[in-house]
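This report goes through one protein chain a part at a time. Please keep the sequence and the structure at hand while reading.

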Amino acid sequence: MSDTMLGFWGRDRSVIGLPLETAIPELAGQRFLDELRSVIHSGVTVIGKGIPAELQLEGKLQTRYYDYEYRALRNAEGQIYCLLHTTTEVTDSVLGKVAIQKLEQEQSLNEELAAANEELIATNEELNQSRQSLYQLKEELEWRVKERTDAAETAAHRLEAMVMNTPIAMTILRGHDLIVEVANQPMLEVWRRTLNQVIGRGLVEIFPELEGQPNPGRMRGVMQSGCRFTLPETEVILGTVDGVLKKHYARFSYDPIIERDGAIESILVTVINITDEVTNRQQLEKSRKELLAATHNLAEANMRLNMAMEASSLGMAEAVFSTGQMISNEQFKKNFGRSGDEELTYPQLFEAMLPEYRDEIKRKVDTAVKNHTIYEAEYEIEWPNGSRHWISAHGIPRYENGVADRIVGVSRVITQQKTVEQQKDDFLSVASHELKTPITALKANLQLLKRLKETPANPVIPKLIDSANKGIEKITILVDDLLNINRFSQSKLELELNSFNVKQMLQNSSTALLAENKYQIVIEGDPELTMVADEHRIEQVVINFINNAVKYAPKSNIILLRFEKNENKVGIAVIDRGPGIPANQLPHLFDRYWRADHSGKKYSGLGLGLFICAEIIERHGGTIGAESILGEGSTFWFKIPVG
């Protein structure tokens, strides 16, 4: 607002900031206010020449004449953001012209009016010069306004583009009510809202549950202080669109947005959603505890197994050193592959031992004789039929006049125990390896995530989280197998029987495999057939069969699921066209800890899957089996009684 304009109006600078109707009330009813409104709405420039105006000047209402122009100024989008008002007072010019007209009408010009006219012309020239200066000033003002507007809009566009294009959840909130001005897609996913549901609304209005939580107050505090605020791992309760409250974990940062005039009216909120990371860590801890519990239960199971074997039948015998004769019960002879009426001498006992054990056993007997101690030994023997077995033996020397002349002892067959111990050792080795691999990878991922936590925009972070999730999934599968085997060992598996459609169950079982788009699942059978069983457990068996087909027959792109009802049983089979399984391995497929050998290839897992399947089918009173032809494929099947 120029002083010249204030002079035209007869006002001082106190009117700046007031509505025009309030500042100059005498304009009411005159043409000027309507013309201004017209320019604002239409954008069409209005020009007035020698227009009279009634103004309160020097304490009284006076009529003055003006040339003026009302021009609308637009921004880069073509929107009107202000008006440029230029005015030149031409009262003298108009009055002069009136006087000249009167003089012409009166046809009496005199020198005084001529001089006045010349003075008026000179004044007009000065006014024209002033007008030219005003036009130049107006153009410069328009250029500066446009330049500043463009700069502000460019900065705003850059900030908005940065927010919208970053993969990290961001939003811009304005004012005390924390109105959402900008929100990118990651933030909308965190909020579980659409853009239309949040833009222009206050944060607490969108999430009423935030009322009373500390974060809204922290955001307002950043606007007041202008200082950045960050939060590490923080728990936040947010509601879904349906009003269900859910717990989330995130890292927050609130940054003030400083305007050109230094004011702070909005903040940039950055959120790194770590809900999956925290949940995975909690699940890992839970899995660790469950693994420890499963290991403890496994140790107890082994102890019970040892006790059961120690309570088995023992063979008893007495051997005379000088003659080699031995008196033994039927069980003792049976332990060495002899019948009760066959003779078994002390030398024959040593001959039955494998050669690598004989010297050691003789040394232990001599040591027991010398030290008057109990003799204990385990060794492998060969029965007359050529089969090999393990023997556990305990004996104590007997003395005559201080000289040992015989030894009395017991024996029992521990072949099964030795086999179980070897399987246990193999199982623990496999379990340690299978668990160590994902845990090592998970530990490495977490260490890298810890290093990168100060750079949340690093593109490696999502990959590390995905890798950690895969490790958790693998650990969960292994722990589930351990827990299932423990339940079977303790007979704690309970079946929840219900009636279900067989085809639908098979379709559910193959959903995950179909999602990979690598295999074709063909289901054959009566689509209306139903069965009564524990649907979850039966689905577990089918999924295990399908996974085995994928693992051991990866080139069998078509996997056939066939089901039928035969008499009083429902049968289900999973058929692949893989390399097949050797005939000598088929009888062991459903043994505990056993894993098939496929041409020297090694596969992950604990060797419990098919054993668990067999237990589930057995609990249902059914039968399970496998058939295979090398080079043609394999069929895994089970049958469940209808009733």
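Predicted model: local features only at pLDDT ≥ 70, side-chain atom pairs only at ≥ 80, totals over all residues.

Two residues are said to be in contact when they have heavy atoms within 4.5 Å of each other.

## The chain as a whole

The secondary structure of the protein chain comes to 19 helices and 20 strands. The chain has 643 residues, of which 39% count as buried. When contacts with a separation of 6 or more are considered, 55% of them in the protein chain are accounted for by residues 24 or more positions apart.

Just after H3, Gly43 takes a positive phi of about 80°.

Which residues of H3 are buried? They are Phe32, Leu33, Glu35, Leu36 and Val39. Seen down the axis of H3, these buried residues fall within an arc of 165°, so they line one face of the helix. The face of H3 turned away from the buried side carries the exposed residues Asp34 and His41. The buried residues of H3 are covered by elements including helix H2 (20–23), strand S1 (46–57), strand S2 (60–74) and strand S3 (80–89).

## An open sheet of five strands

Further along, five strands form an open sheet with antiparallel pairing, and their order is S10-S9-S13-S12-S11. Strand S10 (326–328) and strand S11 (375–382) stand at the edges, and because each has a single partner strand, one side of each is left without a neighbour in the sheet. From one strand to the next, the twist averages 25°.

Within this sheet, strand S12 (residues 388–400) and strand S13 (residues 403–413) pair in the antiparallel sense over ten bridges, and Ile391 has Val413 in S13 as its bridge partner. Helix H13 (residues 355–371) lies across S11, S12 and S13, and it runs at about 160° to S11.

## Two helices that cross

Two packed helices are described by the angle between their axes and the distance between the axes. For helix H18 (residues 535–552) and helix H19 (residues 609–619), the axes come within 10 Å and cross at roughly 150°, and H18 passes H19 in a left-handed crossing. On the H18 side the contact is made by Arg537, Ile538, Gln540, Val541, Asn544, Phe545 and Asn548, while H19 contributes Gly609, Leu610, Ile612, Cys613, Ile616 and Ile617.

## Two buried residues

Ser287 is found in helix H10 (residues 275–310), and it counts as buried because its relative accessibility, 4%, lies under the cut-off of 20%. In sequence Ser287 and Ile472 are 185 residues apart, yet in space they are 8.8 Å apart, C-alpha to C-alpha.

Ala573, in strand S18 (residues 569–575), is also buried, with a relative accessible area of 12%. Leaving aside residues up to four places away in sequence, Ala573 touches Leu560, Leu561, Arg562, Thr635, Phe636 and Trp637. Ala573 and Ile624 are 51 residues apart in sequence and 9.8 Å apart in space, C-alpha to C-alpha.

Methods: Residues numbered from 1 in each chain as written. Heavy atoms only, no water. Buried < 20%, exposed > 50% of the residue type's maximum accessible area, 1.4 Å probe, protein only. Helix = DSSP H or I, 4+ residues; strand = E, 2+ residues; numbered from the N terminus. Arc of directions from axis to C-beta. Pairing = 2+ DSSP bridges. Axes fitted to C-alpha atoms, helices over the stretch in contact; angles between N-to-C directions. Left-handed = near helix turned anticlockwise from the far one by under 90°.
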